[in-house]
Protein chains: 2
Amino acid sequence: MTQTQPAAILTFRDEVAALKRQRILDAAADLFYSHGYSNTTLDAVGEQLGFSKAFVYTNYGSKQQLLAEICTHGVTGVHEEVRHALDLGLETRPTLTVLMDRYVNAVLEHQKYIAVYVREEKSLLPEDAVRVSGLRRAFFATIADFIAKGTAEGVFQTTDPHMAALTLGGAVTWTTFWYRDTGRLDRKTIAREITRNANRMLGVSPGGGA
Amino acid sequence: MTQTQPAAILTFRDEVAALKRQRILDAAADLFYSHGYSNTTLDAVGEQLGFSKAFVYTNYGSKQQLLAEICTHGVTGVHEEVRHALDLGLETRPTLTVLMDRYVNAVLEHQKYIAVYVREEKSLLPEDAVRVSGLRRAFFATIADFIAKGTAEGVFQTTDPHMAALTLGGAVTWTTFWYRDTGRLDRKTIAREITRNANRMLGVSPGGGA
C-alpha cells in the first residue's frame, strides 16, 4: 500500500508540512514581537505550539534562520500585495488608491513580521541582512517607479519620487509600531485615512482615485 | 583656597559632569545602534571613551538605565525642537513649514537615539517603557493638536488630524532607518522634501508656508 505513494498523498503531506512551517513562523514572530528576539528561545516557540524543540530545529536550523525567514516573509508578503495592485491594469489614479489600501492592510496583517524585521535587523546574520535589505530596496523601488511614472504622466505632483515613496513607506511602516487591535482606529479606517493622505500628498484630489 | 568653593567652580564641575554623562549617552547610543542592545556591554561603552566601567556605572546604574536615558533623550530632544517652532508665534502655514523642517532635522540629529528606542522598546524595564511611551504620546498629541487647530481654521484639509499626525510622524521617524551620511540625499534635502510632502498632504499649496 505504501510502495507507490500517489501524488495526492504527497501533495497533502507537503501541505501539512507547509502549514506546520507557517505555524512555527507565526509563533516565533509573535514571541519575538512580544518579548524581543534575544529573550525568546526555540524551546519557547515549540512550547507555544505543543511541538518539540527538535521539531522546530528540523524545520528551521537555528533561531537566526527563523528570524531571517520572518523578515523575508514580511517584506515579500507586502511586496506581493502591492505588485498585485499594480498588475490590475487600472489607470494611475485608481491604482494609487488600490495600491495604498492593499499596502496598509498587508503591513497590518504582517504587523509582527515587519516590526520584528525593523527591530531585529542587527540580529540577522550579515548575509541575511544584506539579502533582506535588497528585498526591501526592491520593494521601495517598485513604489518609487510607480510614483515616477505617475509624475511623468502629469497625474501626480512630486519633486522627488523616491523621497515620496520613502515618505509614504514610512507612514505605512510606522503603523506596525502604534496599531493595536483594541485601539480607537480599525484597520479599514487606518487604510482609508493613509490612502487619502497619499492622494493629497501626490496632488490627486481626494476621491479622484476611487 | 578650597575652603569655600566659588559658584563658578561648582558650575564648571557640573558642566564637566554633564558633558561626561552626554559622552556616555552618545557612545552607548552609537554602540546599541551599530551592534544591538543585547550585544553591547557597559565595558564596551567605557572602552570606547577610555572611561572605566566603574565610571559608567557611577553615572548610570545599569545598562537598562542607560537605555531608558537614551530613549528619553531622543523623544524629548525632538519634542523640544517642535515646541520651539510652535512658540515662534508665526501664522499656521509658515508654522507648518518651520515645524516640519525642525522635526526632520531633529530626528536626523537624534537618529541613533530614535532608532534604538524603536528597536529596543522591549528591553526597557516595564516602568520605563510606560514612561517613555507617555512622552511619545504627548509628542504626537502636540503635532495632532496643531493639525487640528489648522484644520479648524480652514488652513489645513484633513479628515482625521490624529491620523495625519501619525502619517507625518511615521514618514519622519522612518528616516532613522534609511538615512546614511554617505547616501544620495543630505539632511537638508530630506527635510525640504518631507516638508513639501507635508504641505501638500495637508492641502497647503507648495511654497505657501515659506
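## Domains of chain A

Chain A splits into two domains, with domain 1 covering 1-61 and domain 2 covering 63-210. Keep in mind that what you're looking at is a predicted model. The C-alpha centres of the two domains in chain A sit 28 Å apart. Where they touch, domain 1 of chain A puts in ten residues and domain 2 of chain A puts in 13 residues.

On the domain 1 side of that contact in chain A, helix α1 (residues 7-35) supplies the largest share, six residues. Sort that side by class and you get eight nonpolar residues, one polar and one charged.

## Fold and packing

As for secondary structure, chain A has nine helices and zero strands. The C-alpha trace of chain A spans about 65 × 45 × 35 Å along its principal axes.

Chain A has 210 residues, and 40% of them count as buried. If you take the contacts in chain A with a separation of 6 or more, 67% of them come from residues 24 or more positions apart.

## How the two chains relate

Now for the pair. Turn chain B by 180°, with a shift of 0.0 Å along the axis, and it lands on chain A with an RMSD of 0.0 Å. That is how a two-fold axis relates copies.

## The interface between A and B

How many residues of chain B are in contact with chain A? The count is 31 residues of chain B, and they meet 31 residues of chain A. On the chain B side, the elements giving two or more residues are α6 (111-120), α8 (161-178) and α9 (187-201). Of these, α8(B) gives the most, with twelve residues.

## The nonpolar core

Which residues touch the most other members of the largest nonpolar core? Out of its 110 residues, they are A:A28, A:I70 and A:Y117, along with B:A28, B:I70 and B:Y117.

B:I70 is a handy one to click on. Leaving out residues up to four places away in sequence, B:I70 touches B:L25, B:A28, B:A29, B:F32, B:Y113, B:V116 and B:Y117. Two of those partners, B:A28 and B:Y117, are also in the group that touches the most other core members.

Terms used: Residues numbered from 1 in each chain as written. Chains lettered and ligands numbered in written order. Predicted model: local features only at pLDDT ≥ 70, side-chain atom pairs only at ≥ 80, totals over all residues. Core = buried A, V, L, I, M, F, W, Y, C linked by C-beta atoms within 7 Å. Buried ≥ 20, exposed ≤ 12 C-beta atoms within 10 Å, placed from the backbone. Contact = placed C-beta atoms within 7 Å. Least-squares fit on C-alpha atoms with pLDDT ≥ 70 in both. Domains from an automatic or database assignment. Helix = DSSP H or I, 4+ residues; strand = E, 2+ residues; numbered from the N terminus. Nonpolar A, V, L, I, M, F, W, Y, C, P; charged D, E, K, R; others polar.
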